[in-house]
Amino acid sequence: MPPSAALFLADGSRFDGHGLGFAGTAFGEAVFFTGMTGYEEALTDPSYAGQILTFTYPMIGNYGISGSAAQYGRACVAGAVVKQIAHRPSHHLARTDLPGWLNAQEVPTLVGADTRAITIALREHGTIWAALAVGEEALKAAEGRLVEFVRTATTQGLVASVATKRRTLLEGVPGGARVALIDCGVKRAVLRELQALGAEITVLPYDATAQEVLAGDPDAIVVSPGPGDPTDLPQTVEVLREISESKPIFGVCLGHQLLALAHGARTYKLPYGHRGGNQPVKDLTAGDVIVTAHNHGYAVDASSLPAELEATMINLNDGTNEGFRHRTRPIAAVQFHPEASPGPFDARRLFAEWFESAGLPRR
Amino acid sequence: MPRRNVMVIGSGPIVIGQAAEFDYAGVQACRALGEEGHRAVLVNSNPATIMTDPEVADAVYLEPLTVASIEQIIARERPDALLPTLGGQTGLNLAVELHEAGVLERYGVELLGTPVETIKLAEDRDRFKRKMQEIGEPVPESAVITHIEQGVEFARTAAFPLVVRPAYTLGGTGGGVVYNERELRETLDAGLAASLIGQVLLETSLLGWKEIEYEVLRDSAGNCITVCNMENFDPVGVHTGDSIVVAPSQTLSDLEYQMLRTASINVVRALAVEGGCNIQFALHPERSEYAIIEVNPRVSRSSALASKATGYPIAKISTRIALGQTLDQIPNPVTGVTKAAYEPTLDYVVVKIPRWPFDKFPIADTNLGTQMKSTGEAMGIGRTFRAALVKAVRGLDLKRETLTGSFTQWSQAELEAIVARPTNERLFAVCELLRRALYPGTLDLSNGRAAAIERIHAASAIDRFWLNELADLVELEERLRAHPNDADYAQALEWGYGTRAFGDDSRAATAAPPAFRMVDTAAAEFPAKSPYYYLSRGESDEMRPTPHEAVVVVGSGPIRIGQGIEFDYSCVHAAWALKAAGMSPVVVNNNPETVSTDFDISDVLVFEPPGADEVEAAYRATHARGVMLGFGGQTAINLAGELSARGVPIVGSDRNSLDMAENREQFDAALARLGVARPQGRAARSFREARAIARELGFPVLVRPSFVLGGRAMEIVYNEGQLASYAESAPPILADAPLLVDKYLRGLEIEVDAVFDGDDIMIPGIFEHVERAGIHSGDSIGVYPPQTIDEAMERRIGDVTLAIARELGIRGLINIQFVVHDGRLYIIEANPRASRTVPIIQKATGINIVAAATRIALGEKLRDMEYGTGIHPHVPFVVVKVPVFSFSKMRGVETILGPEMKSTGEVLGIDSSFAGALFKGFVAAGVRLPGSGGRILVSIADEEKHEAVPVLRRYAELGHTLVATPGTRAVLEASGIATQPVNKIADGSPHVIDLIASRRVDLVINDAKGTREISDNYKIRRTAVEAGIACLTSLDTARALAEALASTAGPPRSLQEYRTAQATIGF
């Protein structure tokens, strides 16, 4: 018999199901992901650090765990909630099954819960602190521990928990662009897209100083995606402000928000975030609509963009800002994930386009 | 945008490969045109559709779908534009033909949406292949063939099996998988003939690859979204229309999903599609390689499925795109706040299972391949694949509540053969094999399971994922049969089983209570407005209160022979009538093709099998006044007893009326009380008894089992020998399953639809059949107003109808079939429900009898309505319903008409004269014959020869050449009719079959009533079907056709004009 398990939301609601072999309690923000595929990418996405992730798609694990789809060296979510999990996956790339992997990764997981009811609760209440407890012992203590957790809960420290601690060099092709990447919790797919363009990448910790970033005189700077609230990283914002006069910069997701802050714009918390692969984004310059991958709980306040920044993209669902560029300098950023993984490839071209506009050599 | 005059072409009659999905698409298109302020001119020959209602389009033409006929309509309506991509392959081909014939240019008609160039590019196999190579999208190795020897040449270099795909055809007509040169030659011959441009693609087979489909929308600005992807349970090799289809895909990784999504968008961009497009892929299960199999640049069966699976109305959005709007401008009809430029995400799973007509055609070839054979489909929505699959199976209305149990008698070898070479029963054969492997008695369960799955996978290439899912279901079924327990029972309910699937239902209420969930396109990310629900178990309920008091309308499930789109038509009108009466209609149905399952139609749509559990749950959740069963065909009527037992009130004719009409003895007693005659007959409990009854009544007699078990049902037998051979092949005659033997009266058949409110009756019109009794009413040509019966007989019919309605306690619709024999009126059967003729009589007379019946059910009286009472006067024009068959899709099927229904659809001819209406009806049904100078092959049974002479003489007088088999020829020559001879098969080549196969005749008349043996006649009929030559099997039909050919039909007129003409004579 699998252990009992439940998700407790800070408003007192509770959703029951059962756990996998690993017993324990996870605390974090409860959020939901609407993609119908890509659970391996999502579970290993550093932007989900500190979050309990509910999959709205009810059958998770069908094609197993490949390892090659992973975005990080380990699972990043604090906990996972699914309706039905596949114990017998079928795919030629599957190296193991999802339940076994979640156990090995020690991710407390709730299975068999009414994930749609959870999603509606999150939509109505907004993102909320939560506890996911697996096993009788954990269940008994969960509510009390959640109250305790909420008292001090914070998004601070999430980036530090997933970002690199030291400078790392990833080689490019001869004559390729030399890019410094400020790592706030980068996905492998971002590195892969840059490497595909032939770039040499220097991965830097999120708290690197301006001198450290500019050391070696990179051709351009990329600010990576990552978890949490951009206002938790004032030091990174300050570094971006310092270097924005000298280098082409491209920001993705959290990087987009940090770049906005560095230019004096404001960010705010979305009611329940955007997490999925079906968000329509309108390119205000070209006029076309692309479907994009999202994973963010905060947004840039478009009305606060300074005169030198021009909004380039807008979300068709809720009108939130999805991108901007500098009117005179090669600085651009997008809120969504052009690297997809998981999600549609519609925006993949943006990396190459930015290389083009910044005059960077590309393969 | 200025108001434009836009023509929409429908898809014509329901045939295999083209069903109700285009009614759904056409209705959405016309509504979108109306919402944008445009005038819609609709052409469709299919009268059973909602789209041909005068309320749907501004001008409705029930006219033949031919270039000549549409040109006439264009000439008088002068449309500004034509919308070609919503009428299926028929509409698309016509648009291309109108363009090629210069008609569009001549009248300045602009083609909206996807340009002709794109249609031609996607349909022309050769150009399409080159285009794909140009943009770097993979296609299977192939050759474009225009004559047979070219194909044989290609086969020398490429290995068998090969796939034959004719260009410009519907449902894979004429195509197939071939394994050797003989099959190749045969299939190429049929395929080249079926193709509009005499071209087929011969390609290397990707048998065993995963089959994946994407539904894409592209607007004129180039924006693309994918609405849905789908994965087939059946790997490549089975036509997608005959495959079990799952949405969304289940075994694709994100990378594969996105790879194919990107490829879809690349293709749609390269083709410059403007609107909906369907793309089919093969995906290698071990290498993630793919190839594009097919592209359909139009809305399709798959897009209807995708619309119902996601809630995203593809046809409506396609229409707006065709009008020039872009996806980011079009409002999202589901949320009401966002835009149409988004991709639905699902938090449930959808499974579609086809419904095949093999129960009606016992000798048909049930193997599945690239040519579609199913007539309809059932869709299940569930939170998991298991739940969705079980609901789809239950929704087929085959009385199967579980996956195992029906095939326990089959041998291992039979089951394995089906698994390796798919038939319609493959799913059940797989489940039975799994059951045997899981429960062999003593073997270790897990080993048995794994080994069985490997074996089945090796034989069928069905993905192990599906097999494991099935094994979980089979395990549960077996556990519940062996050791019923509460936990498994709750699990079964969650997995979609009915409360009665395993006997006891006492645990239902507490085990896993029903909960309605919304289909919202957004996995609950945004609140939705669409009132579209499915049933889950043991979860939270989302049903919102209805705006008004609810009434449940029970639908008719999948389209099958005998229960077609006409019942959907009635359900939609019932829903509309309820709305008009200030009530909230709640529709329960599971057919993804239809208008009734468009969430725009009702206040609550419950997409579930129309079964007792689901109807009861819908009734309770909406606090409805009751349920209406009279519109959903026999499927709905059959629920009466069960629902009554559960305390669910039936609104309208109640259980007693329904029972009485169904129960032969009660019905006979009622007729006796009324003094109404019916053909004499009795139930026989043995062959000896049957023979005695037949002798007493006198041959011919009509025989049928009282419980129809297999496909065999009614037959007319002319002598004792035939009775004996019937008894041998029919289900055994048993004491509790007697054989019914009735005197067969070969008289004029009459059909009446009426409404009765307890006091008054209203009969909008009486139908008369061209063929005399003995041919199923669905297969007969029907005429209104009647041409031969007099006023006194009409009055008598009205009186009897009233008496029967009163006796049965009808409150709403009643359909009665009569025979007039030797001037006497006999009743054949009465049905307390809507019928096939309801949409036709409603269209012909403009009287909405469904609305009247609905209002009666709510307690209103006819005398307080606007429809009048009694029999209505005739309209000043004639409508003729002509049945349409799908014999070309059903290899081997006997085409001779009899008491068992065989047609899949119908067309209507309307004209000021009977002959003109007949003419249009025949043309619309696809019977083509030159006015004179045609060659007609005649072969008539001895019993009919004397009656045949005057009919055939008429053809000769019209200038046709008669070619006759020896016996028929002797009779004709003796009567002074010149004929050309042709050999019987036994006399050697060139014989009658050679003549037909080489298409050297234009029409075949083969009335072989009373012959049962497989003979020359059967071969004549089948060869005619394969050769695409019309074959009439009744002299009555032949007589009517001669009359039609001798006349000239009037110009096309819209239904609205006919209505006006009717009004001027007073009503």
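**Exercise 1. Give the strand order of the five-stranded open sheet in chain B, and state which strands stand at its edges.**

Solution. The model is predicted: local features need pLDDT of at least 70, side-chain atom pairs count only at pLDDT 80 or more, and totals for chains, interfaces and linings use all residues. Residues are numbered from 1 along each chain as its sequence is written, with chains lettered from A and ligands numbered from 1 in the order in which they are written.

Step 1. The order is β3-β2-β1-β4-β5 (chain B), with parallel pairing. Strands (E, at least two residues) and helices (H or I, at least four) are DSSP runs numbered from the N terminus; two strands pair if DSSP finds at least two bridges between them.

Step 2. The edge strands are β3 (59-61) and β5 (110-111) of chain B; each has a single partner strand, so one side of each lacks a neighbour in the sheet.

Step 3. Strand β4 (residues 81-83) of chain B runs parallel to β5(B) and is joined to it by two bridges. B:Leu82 lies opposite B:Leu111 of β5(B).

Step 4. Helix α3 (residues 88-100) of chain B packs on this sheet and touches β1 (5-9), β4 and β5 of chain B. Its direction makes about 125° with that of β1(B). Contact requires C-beta atoms, placed from the backbone, within 7 Å. Axes are lines fitted to C-alpha atoms, for helices over the stretch in contact, and angles run from 0 to 180 degrees between N-to-C directions.

**Exercise 2. Describe strand β6 (residues 142-145) of chain B and its pairing with β9(B).**

Solution. Step 1. B:Ser142 and B:Val144 point one way, B:Ala143 and B:Ile145 the other. In a regular strand the side chains alternate between the two faces of the sheet.

Step 1. β6(B) pairs with β9 (residues 200-204) of chain B in the antiparallel sense over four bridges. B:Glu203 is the bridge partner of B:Ser142.

**Exercise 3. Which residues have the most contacts inside the largest nonpolar core?**

Solution. Step 1. They are A:Leu7, B:Val552 and B:Val627, in a core of 468 residues. A nonpolar core is a set of buried Ala, Val, Leu, Ile, Met, Phe, Trp, Tyr and Cys residues joined through C-beta atoms within 7 Å.

Step 1. Helix α19 (residues 565-580) of chain B contributes the largest share, 10 residues.

Step 2. Beyond its neighbours within four places in sequence, the contacts of B:Val552 include B:Val586, B:Tyr619 and B:Met628.

Step 3. A second, separate core has 16 residues, among them B:Leu162 and B:Val200.

**Exercise 4. Is helix α29 (residues 849-857) of chain B enclosed or open?**

Solution. Step 1. Nine of its nine residues are buried, so α29(B) is largely enclosed by the rest of the structure.

Step 1. The elements that its buried residues pack against include α19, β27 (748-756) and α28 (838-845) of chain B.

Step 2. B:Gly859, with a positive phi near 110°, follows α29(B).

**Exercise 5. How many residues does each chain give to the contact between chains A and B?**

Solution. Step 1. Chain A gives 40 residues and chain B gives 42.

Step 1. On chain A, α3 (115-125), β15 (267-283) and β16 (289-300) each supply at least two residues. α3(A) gives the most, five.

Definitions and conventions:
Two residues are in contact if their C-beta atoms, placed from the backbone, lie within 7 Å. A residue is buried if 20 or more other C-beta atoms lie within 10 Å of its own, exposed if 12 or fewer, and partly exposed in between; C-beta atoms are placed from the backbone.
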